[in-house]
Amino acid sequence: MAEMQGLMERLERAVGRLELLSAGSHQPPGDCGGINGVNGGVAPSVEAFDKLMNGMVAEFLKKSRILAGDVETHEYQEDRNDLVISETELRQVAYIFKCNKSTLQIKGKINSIIVDNCKKFGLVFDNAVGIVEVINSKDIQMQVMGKVPTISINKTEGCHIYLSEDALDCDIVSAKSSEMNILIPRDGDYREFPVPEQFKTAWDGSKLVTEPTEIMVSERPPKPLN
């Protein structure tokens, strides 16, 4: 909270200086002062605004994740297994940040879901019309009760995804991650399929051909969350 408050204060001061610079833009270039590392003049004020938007404003939006009230956030939850988002809309985004040893259930249909910097976290959701992302996390379990078009796993160690019958056409996109497993429903139970972590690349005479290496399938997949 203190970091966010400090960022907001810096942003307010920078915007104030930018307004002063804009108001004085009729003055000679050398008389307008400086802002955000750019000195005086109409053209420099435009450059200063660009730097502001790409600097502090971008940092603020990244950390706050507040976009016109359409983002449902759960942050810094610890040892909570009763977290529920029961009222959802198609435009809504769920952002889960630094939640540890907790479980969240999302009911209804939502736009997208982001799980960021979480550990030993469980997510159960009905339907997502956009992407579901897992970023910089560890020991994540996710259960899809309905449909989701794409699940992205990035910089994550340990991610088990239970797909429903309706979600079997989901695309799994992964990068810089390990211990990823997709669990497919089979005869009232689940069968576990590991996502390849290693690839073999060879020259076939005209181009490079890359294929995943074989990994043994676990005989005892973990139990689903619900």
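Author: Start with a charged pair: the side chains of Arg 91 and Glu 89 form a salt bridge, 3.2 Å from N to O. The term means a side-chain nitrogen of Lys or Arg within 4 Å of a carboxyl oxygen of Asp or Glu. One caution: this is a predicted model, where local features need pLDDT of at least 70, side-chain atom pairs count only at pLDDT 80 or more, and totals for chains, interfaces and linings use all residues. Side-chain values use heavy atoms, with hydrogens and water left out, and residues are numbered from 1 along each chain as its sequence is written.

Reader: Is Arg 91 buried or exposed?

Author: Exposed, at 54% relative accessibility. Glu 89 is partly exposed, at 45%. Buried means under 20% relative accessible area, exposed over 50%, and partly exposed in between (1.4 Å probe, protein chains only).

Reader: How many salt bridges in the whole structure?

Author: Four. Among them is Arg 80 with Asp 82, whose closest N and O atoms are 2.7 Å apart. Lys 207 also pairs with Asp 204, at 3.1 Å between the closest N and O atoms.

Reader: Switching to strands. What does β14 pair with in the antiparallel sense?

Author: Strand β15, residues 189–194, over six bridges. Pro 185 has Tyr 190 in β15 as its bridge partner. Strands here are DSSP runs of E, at least two residues, numbered from the N terminus. Two strands pair if DSSP finds at least two bridges between them.

Reader: And the hairpin, how many residues sit between the strands?

Author: Two residues lie between β14 and β15. In that hairpin, Asp 187 takes a positive phi near 55 degrees.

Reader: Which strand runs parallel to β14?

Author: Strand β12, residues 157–162, joined to β14 (residues 178–186) by five bridges. Glu 157 has Ser 178 in β14 as its bridge partner.

Reader: Where does Ile 85 lie?

Author: In strand β4, residues 83–85. Ile 85 is buried, with a relative accessible area of 4%. Its C-alpha is 9.8 Å from that of Thr 73, 12 residues apart along the chain.

Reader: Last one. Where is Lys 120?

Author: In strand β8, residues 119–128.

Technical notes
Helix = DSSP H or I, 4+ residues; strand = E, 2+ residues; numbered from the N terminus.
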